[in-house]
Amino acid sequence: MGFSTLIDILGAAIIGGMVLLSVRALMLNSSEKSNQFQNELIAQQNLVSIVELIEHDFARIGYCENTDSIEAPEDMIVYADSTKISFKTDFAQGFQNIRGDGTKDILTYEFGPTITSTPNPYDRLLYRYAKGETKNGSNLGLTEFRLNYFDNLGNELLHPIDTKLISYIQIDLKVEDSYGYDTGNDEKVHSEKYPTIFWRQIRVAAKNMSR
C-alpha cells in the first residue's frame with residue numbers, strides 16, 4: 001500500500017467522522033426542537049383550558065336564573081385582591097344546560113401554593129371552589145395569576161379593594177410547561193428549560209356588573 005493510498009484512507013476517515021458528527025448534531029437539534037414544540041403545545045392547551053373556564057365563570061358574575069334574586073352590581077363581588085376573588089353566581093346545571101337553578105352561590109378563584117412535585121420551580125395551583133366546598137386545585141403550569149380592578153371610569157382601584165366600586169377586571173395569566181426540557185443543564189436559563197411561556201391578558205366586564 002503506497003503512501004498516497006494511506007493519505008486517501010486517512011482523509012476519507014476524517015471526512016466520514018465529520019459527516020457523522022454533523023448528522024449526530026442535526027439529530028440532537030431535531031430532537032430538542034421536537035420536545036420544545038410539544039412543550040409549547042401542552043402549555044398553550046393548558047392556557048386555553050384556563051381562559052375558557054375563567055371567561056365562562058366571570059361572565060356569570062352576579063347572574064341568577066331567578067331574576068328576583070339578582071344582586072345589585074355593587075354587591076356581586078364579595079372579596080377581591082390581586083390573587084383571589086369571590087363573587088356571587090348561579091352555577092350552570094350541566095354542559096347541556098347552562099342555565100342556573102335559581103340558587104345563588106359564591107365562587108372563589110385563588111392562586112395557590114407552589115407545586116413541589118414538578119421540575120418547574122414556579123408553577124402553582126389554581127383553586128376554584130364554591131363556598132362550603134373543599135378547595136380543589138389544578139396544576140396546569142400556571143406561574144402567574146394576577147387580578148387588577150377598575151371603576152366605571154376606568155380608574156384602577158388600589159388595595160385594599162372596595163368591591164362595591166369594581167366595574168372591570170383585568171386578568172393576567174402566565175403558563176409554563178411544568179416539566180420542561182433538559183432541566184438538569186446548568187448552562188441553560190429558566191426560559192430555555194421551560195421555553196413555553198405564553199402570556200395572555202383579558203379584561204372582563206360581566207354584563208351584570210355594567211353600571
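Predicted model: local features only at pLDDT ≥ 70, side-chain atom pairs only at ≥ 80, totals over all residues.
Author: Residues are numbered from 1 along each chain as its sequence is written, and side-chain values use heavy atoms, with hydrogens and water left out.

Reader: Why is D57 called buried?

Author: Buried means under 20% relative accessible area, exposed means over 50%, and partly exposed lies in between, with a 1.4 Å probe and protein chains only. D57 has 4% relative accessibility, so D57 counts as buried.

Reader: What makes D57 and R128 a salt bridge?

Author: The term requires a side-chain nitrogen of Lys or Arg within 4 Å of a carboxyl oxygen of Asp or Glu. The closest N and O atoms of D57 and R128 are 2.6 Å apart, and the pair forms a salt bridge. D57 lies in helix α1 and R128 in strand β4 (residues 124–130), so the pair ties together parts that are 71 residues apart in sequence; helices (H or I, at least four residues) and strands (E, at least two) are DSSP runs, numbered from the N terminus. R128, at a relative accessible area of 30%, is partly exposed.

Reader: How many salt bridges does a search of the whole structure find, and which residues are linked in a network?

Author: The search finds seven salt bridges, and E71, K88 and K104 are linked in a network. Within it, E71 and K104 have their closest N and O atoms 2.9 Å apart.

Reader: What makes a set of residues the largest nonpolar core here?

Author: A nonpolar core is a set of buried Ala, Val, Leu, Ile, Met, Phe, Trp, Tyr and Cys residues joined through side-chain atoms within 4.5 Å. The largest such set has 27 residues, and F58, Y109 and F145 are among those with the most contacts inside it. Helix α1 gives the most to this core, with six residues.

Reader: Which residues line the largest pocket, and how are they classed?

Author: The lining includes H56, D57, R60, F91 and R128, and lining residues have an atom within 4 Å of a point of the pocket, which is an open set on a 1 Å grid over the protein atoms alone, where a 1.4 Å probe fits, with protein on both sides within 12 Å along at least five of seven lines. The lining residues divide into five nonpolar, three polar and three charged, where Asp, Glu, Lys and Arg count as charged, Ala, Val, Leu, Ile, Met, Phe, Trp, Tyr, Cys and Pro as nonpolar, and the others, Gly among them, as polar.
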